[in-house]
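Keep the structure in view as you read.

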Amino acid sequence: MSIFEYNGSALVAMVGKNCFVIASDRRLGVQLQTIATDFQRISKIHDRLFLGLSGLATDAQTLYQRLVFRHKLYQLREERDMKPETFANLVSAILYEKRFGPYFCQPVIAGLGDEDKPFICTMDSIGAKELAKDFVVAGTASESLYGACESMFKENMEPEELFETVSQALLASVDGDCLSGWGGHVYVVTPTEVKERILKGRMD
Amino acid sequence: MPKEQANWSPYDNNGGSCVAVAGADYCVIAADTRMSTGYNILTRDYSKICKLADKCVMASSGFQADVKALQKHLAARHLIYQHQHNKQMSCPAMAQLLSNTLYYKRFFPYYSFNVLGGLDNEGKGCVFTYDAVGSYEKVGYSSQGSGSTLIMPFLDNQLKSPSPLLLPAQDAVTPLAEAEAIDLVKTVFALASERDIYTGDKLEIVVINADGIRREYMDLRKD
């Protein structure tokens, strides 16, 4: 089994009309044994910026701690929050620092930039950014997620419809992957509020 | 001296995706027509679908040389069956024969990922899905091949097959009409062609119903 498949994960972020949704599964496993069914893969950097980390859980935790540290320093120096594009560059640089001994993670970054324009991107484990206008996926269920999102995505969806779409795509995809699942964690982010919802899917 | 490993493999993967959907009185079997090796395309016009019996059609992706050999073998066995029993093989019978044929080569398998579709003796649609060594199951719909990981979640979401563990036993057949099923299959291949590099060029759709077998084609992305 590859090191990226050791813990199992599924992450997806999708763009809507002046909003975005970022969602993950809830399983933490050690190869085929399930250890936790309430694992948080998505973290808030600030009110308008969320980071999801798939792959090896220990690297995800360390990377998250380093990034929060860097963002807090930025807030102290600049007296403002980081823009999503800037944060993506920061993550990319930190990952490439470890080019020959990488963090085994694939991050998904989602945020609202200037004028409430949604921004999403993903990158590989050494920091190659992939900016997308519609959706990005990561994790062991990524191929299934590509299929499900590609079929269900429409442009300029309102937050409620976007939530339904991402939830259906996530649950359908993790059902076909034995290393991810046990429900879903969905964050719907609009300029005015952040709604966090837990999905109940197949618990296996 | 360290052990030397063979760097010649008897297998190759020619890519492609296959899908089959069963209905109350019809069955739709579809496959793309691209044949590739590595990152190259060998041809844009190769049929992965083979008619095994009057009401029984098989679509196979994987190593097409093994697929061709498998198709020839099954056709020969079907001819013998016709001579001995004076009738065509039914789809469930062909399904069992395919399973046994695949397992016969358990230790040097046919690199062939199959879906079998047709009508059973009562005229109801049936789809059987296989792995490379013959493990099979009767289902309402299935996909195999390079695009199957992208296609299956979408089919599950749209058609939600009942679990074989449920009691009382529920029908595996989809509630869709024939035209709706064909539209669904076209959508699914358009979707797979977007993200899977081995799927594309043209889509071949075979529809089996009480009137017989008919074939349809649709263009897909050529990149």
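## A nonpolar patch on chain A

This is a predicted model. In it, A:Ile3, A:Phe4, A:Tyr6, A:Val30 and A:Ile35 make a nonpolar surface patch of about 380 Å². One of these residues, A:Ile35, belongs to strand E4 of chain A, which covers residues 33–36.

## Where the chains meet

Now turn to the interface. Nine residues of chain B contact twelve residues of chain A.

The size of an interface is often given as the accessible area lost when the parts come together. Here chain B and chain A bury about 980 Å² between them. Carbon and sulfur atoms account for 57% of that area. On the chain B side, three residues stand out: B:Pro153, B:Asn157 and B:Arg195 supply 49% of the area that chain B buries against chain A.

One salt bridge is found across the interface of chain B and chain A. The side chains of A:Glu150 and B:Arg195 meet in a salt bridge, with 2.6 Å from N to O.

## The chain B side

Which elements give two or more residues to the side of chain B that touches chain A? They are helix H3 (148–159) and helix H4 (178–195) of chain B. H3(B) gives the largest share, five residues. By type, this side of chain B has four nonpolar, three polar and two charged residues.

Notes
Residues numbered from 1 in each chain as written. Chains lettered and ligands numbered in written order. Predicted model: local features only at pLDDT ≥ 70, side-chain atom pairs only at ≥ 80, totals over all residues. Heavy atoms only, no water. Patch = residues over 30% accessible without salt bridge, like charges linked within 9 Å, V, L, I, M, F, W, Y side chains within 5 Å. Areas by Shrake-Rupley, 256 points an atom, 1.4 Å probe, with all protein chains shown as cover. Salt bridge = Lys/Arg side-chain N within 4 Å of Asp/Glu carboxyl O. Helix = DSSP H or I, 4+ residues; strand = E, 2+ residues; numbered from the N terminus. Contact = heavy atoms within 4.5 Å. Buried area = accessible area lost by both parts, 1.4 Å probe. Nonpolar A, V, L, I, M, F, W, Y, C, P; charged D, E, K, R; others polar.
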